[in-house]
Amino acid sequence: MNTLLAAFAFFVPIFLLLAKRRISSKKTPPGSLGIPMIGQSLSLLQHMRANTAEKWLEKRIQKYGPISKMCLFGKPTVFIYGQAANKFVFASDSSTLANSQTESVKTILGDRCLLELSGEEHKRVRNALMSFLKPESLKHYVGKMHQEVRLHIEQNWQGKQEVTVLPLMKTLTFNIICTLLFGIERGTRRDELVDWFQEMIAGMWSIPINLPFTRYNRSLQASKRVQDMLKDLIGEKKLQLQQMGADPKQDLITCLLSMNDGEEISEKEIVDNSVLVMTAGHDTSSVLVTFLIRLLANDPSVYKAVLQEQEEIAKSKHRGEPLTWEDLTKMKYTWRVAMETMRMFPPIFGGFRQAAKDIEFDGYIIPKGWQIFWVSSMTQMDDGIFREPQKFDPARFENPSSIPPYCYIPFGGGPRICPGYEFAKIETLVTIHHLVTQFTWKLSSDNRFSRDPMPVPTKGLPIQIVQKKQILQVS
């Protein structure tokens, strides 16, 4: 009996250890981490620039299923796909998934921006941003945005026969951000800021190897310059508040400096989130408007319907009268066209989270500390979710409740939906209103585009434009 017990005591721990290893091995997501630090990063970036990234990921799904492991931008990563995956990303709390980006994004944007914060810290900073970006506040800025777009068209479109859309849209969105969000007037400071900003965002999706002459190194240096400029601006805004009683609602930075009642945010949080808002507002909106212009050139029937809606609004305005929030609420078809454009050509390719603990998902274990990578367009172009996904059909959004939850996610979802969603919507609608009521256009080059990491049309989308003789749009 004693011998039997001794044998039992000896073999059981070994059996449990082997069983644990077998279970652990069985539940590790399939795939390979590849070369340390580099992994599949170069391959993904190469396919993004060739506009074949979705096909590259589809092959992984066919080979491994909806979950697989890889290494991206220096970290072990689990790629997940599908409606359940999207819900898992956007509905999980901070005890399961931490808000963590790639090392390059984190160091360039700053570790106190919303993309890095979780739990109560995320809620506090998000609430502070939303105090300025919520619809109730933005209603008061439609007129200012109208004037910015009008001035942009006068300076860059009128009298021209050809323009290149993407760089112009980037200029417009940056000017809107500087005026409405930061209160930076046109001049040397704004020109210097845009130059450093462009250099900064060029290396956000890059391998984080900080060596001279690398894209990552140049972006880090530019990020430091942008942050220093914002710190100087914050100092000036503080002085205005203290000495002149500036209106807390005059711009985003002044609004954030005026927070109280336990919602105060630090100077670093203001800097990092200003950089984030600048990046998100500049790139996503400019890409969306660019692809809308591309779409309207390719689809005469959609252009005609958008034009009809916008001309009806223009006819209701007195000469010189700016657009209002009520006018924007009438642009329902135009916004459905924008939503369908984002479904097919999402400005944001995908995103990252980090496992806060060992997580079991879809029968596999995602180890603590690993990145989780999801891609917007994978469900938005799934023929099991959207009928004929390659067909452009704004009618899909006539009844948004008919779209399954967590399948259409151009602005994210759940408690982490983009706080600048309404700002981007206003910006897009005001810009399209001015353009379609003042110009007709056709493409000057092909329809191809790549991702770096956002979609970029060939040559920036040059178009031939004709200004309408009878302009209904107010000036």
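C418 is found in the loop between α17 and α18, the latter spanning 421-438. The model is predicted. UniProt, in an unreviewed entry, places the feature "binding site" at C418. Is C418 buried, partly exposed or exposed? Its relative accessibility is 26%, so C418 counts as partly exposed. The cut-offs behind that call are under 20% for buried and over 50% for exposed. Leaving out residues up to four places away in sequence, C418 touches R126 and F411.

Next comes α17, which covers residues 377-380 and holds T379. T379 has 1% relative accessibility and therefore counts as buried. Which residues does T379 touch, not counting those up to four places away in sequence? Y81, G82, Q83 and N86 are among them. I385, F386, Y406 and C407 are also on the list.

T428 is buried, because its relative accessible area is 1%. With residues up to four places away in sequence set aside, T428 touches L288, V289, L292 and W335.

Those contacts lead to a helix pair. Two packed helices are described by the angle between their axes and the distance between the axes. Helix α13 (residues 267-298) packs against helix α16 (residues 332-344) at an angle of about 105°, and the axes are 10 Å apart. So α13 is roughly perpendicular to α16. From α13, the contact draws on L288, F291, L292 and L295. From α16 come W335, V337, A338, T341 and M342. Sorted by class, the contact of α13 with α16 has eight nonpolar residues, one polar residue and no charged residues. L288, L292 and W335 take part in this contact, and T428 touches these residues too.

A second pair is formed by α9 and α10. Helix α9 covers residues 165-182 and helix α10 residues 188-201. Their axes come within 11 Å and cross at roughly 120°. What does that angle make of the pair? The range from 65 to 115 degrees counts as roughly perpendicular, and over 145 as roughly antiparallel. α9 and α10 are therefore oblique to each other. Their crossing is right-handed. On the α9 side, K170, F174, N175, C178 and T179 make the contact. They meet R190, L193, V194, F197 and Q198 in α10. The residues of the contact of α9 with α10 divide into five nonpolar, three polar and two charged.

Definitions and conventions
Residues numbered from 1 in each chain as written. Predicted model: local features only at pLDDT ≥ 70, side-chain atom pairs only at ≥ 80, totals over all residues. Heavy atoms only, no water. Axes fitted to C-alpha atoms, helices over the stretch in contact; angles between N-to-C directions. Helix = DSSP H or I, 4+ residues; strand = E, 2+ residues; numbered from the N terminus. Parallel < 35°, antiparallel > 145°, perpendicular 65-115°, else oblique. Left-handed = near helix turned anticlockwise from the far one by under 90°. Contact = heavy atoms within 4.5 Å. Nonpolar A, V, L, I, M, F, W, Y, C, P; charged D, E, K, R; others polar. Buried < 20%, exposed > 50% of the residue type's maximum accessible area, 1.4 Å probe, protein only. UniProt positions renumbered as here; feature names shortened; annotations may be inferred.
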